[in-house]
Every structure is written in C-alpha cells, then in structure tokens.
Amino acid sequence: MAIVAPSLLAANFLKLKEECKMVNESEADWLHLDVMDGQFVPNISFGIPVIEYVRKVTKKICDVHLMIETPENLVPAFKKAGADNIIVHLEVCPNLHRNIQQIRELGAQPAVAINPHTPVFLLEDILADLHHVLIMSVNPGFGAQKFIPHSIEKIKQLRKMIDEKKLDVLIEVDGGVTVENAKELVDAGVDVLVAGNTVFSSENPKDTIKKLKAFSR
Ligand code: DX5
Ligand code: ZN
C-alpha cells in the first residue's frame with residue numbers, strides 16, 4: 001500500500017477544518033503542508049500559525065515541505081507548531097548535513113527535496129541520514145501543474161541507490177500526481193504519493209485517496 005499525503009495547498013482555505021476532517025476520515029497517512037516564501041519559489045502560501053491550527057484538528061502525520069530560504073532560522077518554530085516531518089530543499093542548503101542534524105535533534109523526521117533540475121547523485125552522501133527524499137515532479141511554487149515525465153527516471157535512480165546501500169529511506173513524489181500516473185510512480189519505486197489537486201478537486205476526495213492508497217510496490 002502506498003503512503004498517501006494529500007496536499008492542503010489545494011484545499012478550500014475557507015473550510016480548512018472541514019477539509020482536515022475529510023482527511024481524518026480518509027485512508028490518508030500523512031497531511032502534506034506546503035510553505036512558500038516568495039523568494040525561493042515565486043509564490044507565498046501559509047506559515048506557522050496556520051500549521052499550528054491545522055495540527056489541532058488533524059490526526060495525520062504533518063509532513064511540512066519548506067520551500068523557503070535559510071530554513072534553519074524557522075525549523076524550530078515549525079517543529080513547535082506541530083511538524084512531524086520537516087523537508088528542506090537541497091538547493092537552498094549549503095550546509096545540508098547541519099540542517100538535517102538540526103531537524104533530528106528537535107525530534108522531527110528529516111527529509112530533503114530536490115527540484116526537477118537537481119540530479120539524484122547529489123544525495124549520495126546525505127541519504128543515510130534521511131527519513132525520506134522528496135522528488136519534485138513539477139517546479140515548486142504552485143499546485144495543479146503538469147507532471148514532468150523525466151521524474152520517473154530520477155525515481156528509478158534513487159530507488160537503485162537506496163536499495164544498493166540497503167537503506168530504509170522513503171521516496172516521496174510531489175507534483176502532478178494523478179490516479180492515472182500513480183501506478184507507474186509506485187512501480188518506479190515511490191513509497192509516498194503527494195496529491196493536491198487530484199484529491200481536493202475530485203468529486204469524492206475520500207474515494208480518490210482510497211484509489212491512490214491501493215497502489216503498492
Ligand atoms: C508544489 C507543492 C505541491 C503541490 C502539489 O510546489 O510542493 O505539494 O501542492 O499539488 P498538485 O498535486 O496539485 O500538483
Ligand atoms: Zn509540496
């Protein structure tokens with residue numbers, strides 16, 4: 001069974017409590033929370049206070065995707081707000097090992113995201129320290145974009161790297177995930193499917209989550 005992480009970015013922000021309730025009642029495992037700073041990515045989403053309130057109403061694991069520069073300045077605040085998993089981008093972390101240690105020391109699960117142009121081999125020396133890797137399959141900043149097909153190749157490379165090193169690191173894919181491409185993603189080696197638009201714009205979100213969950217490696 002895949003781990004399914006609905007992305008709250010695609011939810012109706014006037015009804016966040018109801019949207020969280022729907023996710024609680026669904027088979028989703030994680031709730032994916034996209035934080036954008038308008039610097040690293042050309043958009044601004046939500047931040048610490050929203051996550052604090054979402055934390056109070058969600059039963060799911062909070063998977064916080066930080067699309068922000070100098071994440072080390074705010075990681076303690078996101079942990080305090082209720083983040084279980086904290087994802088930082090390789091592209092903004094010149095001292096990535098230090099970022100990962102900081103997240104672990106605070107008691108959260110550390111993960112690294114890589115953009116579509118960032119090669120998988122750059123993860124080689126940090127992989128063993130991670131809980132998961134997030135492969136961005138769109139350019140970060142917006143929901144409902146089209147899946148970039150080359151991501152499949154990157155997922156296969158990462159799967160091979162993880163298996164060869166006999167590591168227990170999860171692969172998460174984020175951007176343009178649909179019920180139609182989920183099988184190919186899971187077959188390529190994905191453990192965690194993030195889905196925003198596919199879940200929240202569907203007629204029956206709980207049923208869509210169930211369909212995504214049914215794919216297994
Ligand atoms: C994009 C975000 C994604 C986004 C995915 O920058 O990181 O998590 O919400 O949205 P969909 O699933 O609609 O492509
Ligand atoms: Zn995301």
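Helices (H or I, at least four residues) and strands (E, at least two) are DSSP runs, numbered from the N terminus. The structure is a predicted model, in which local features need pLDDT of at least 70 and side-chain atom pairs count only at pLDDT 80 or more, while totals for chains, interfaces and linings use all residues. Residues are numbered from 1 along each chain as its sequence is written, chains are lettered from A and ligands numbered from 1 in the order in which they are written, and side-chain values use heavy atoms, with hydrogens and water left out.

Ser201 is placed in the loop between helix 7 and helix 8 (205–213). With a relative accessible area of 51%, Ser201 is exposed (buried means under 20% relative accessible area, exposed over 50%, partly exposed in between, with a 1.4 Å probe and protein chains only). The side chains of Ser201 and Asn197 form a polar contact of 2.8 Å; such a contact is a pair of N or O atoms within 3.5 Å, where within protein one must be able to donate a hydrogen and the other to accept it, and residues adjacent in sequence count only if both atoms are side-chain atoms. Ser201 and Ala10 are 191 residues apart along the chain, yet their C-alpha atoms are separated by 7.6 Å.

The largest pocket holds about 290 Å³ of space. Grid points are joined across faces, edges and corners, and a volume is the space filled by probe spheres set on the points. The lining of the largest pocket comprises 25 residues, of which Gly143, Ala144, Asp174, Gly175 and Gly176 are the closest to its centre. Two or more lining residues come from each of strand 2 (30–36), strand 3 (61–67), strand 8 (192–195) and helix 7 (197–200). By class, the lining has twelve nonpolar, eleven polar and two charged residues (Ala, Val, Leu, Ile, Met, Phe, Trp, Tyr, Cys and Pro count as nonpolar, Asp, Glu, Lys and Arg as charged, and the others, Gly among them, as polar).

Around ligand 1 there are 20 residues, and Ser7, Asp34, Gly141, Asp174 and Gly196 come nearest; a residue is near a molecule if one of its heavy atoms lies within 4 Å of it. Oxygen atoms of ligand 1 lie 2.7 Å from a side-chain N or O atom of Asp174, 2.8 Å from a backbone N or O atom of Ala144 and 2.8 Å from a polar backbone atom of Gly196.

Most residues other than glycine have a negative phi. Thr70, in the loop between strand 3 and helix 3 (75–81), has a positive phi near 35° and is partly exposed at 42% relative accessibility. Lys166 has a positive phi of about 55°; Lys166 lies between helix 5 (151–164) and strand 7 (170–174) in a loop and is exposed, at 75%.

No disulfide (a pair of cysteine sulfur atoms within 2.5 Å) is found in the whole structure. For Cys62, the nearest cysteine sulfur is that of Cys20, 8.2 Å away. Cys62 is buried at 0% relative accessible area, and Cys93 is buried at 7%.

Notes. On a 1 Å grid over the protein atoms alone, a cavity is a set of points where a 1.4 Å probe fits but cannot get out, and a pocket is an open set with protein on both sides within 12 Å along at least five of seven lines; lining residues have an atom within 4 Å of a point.
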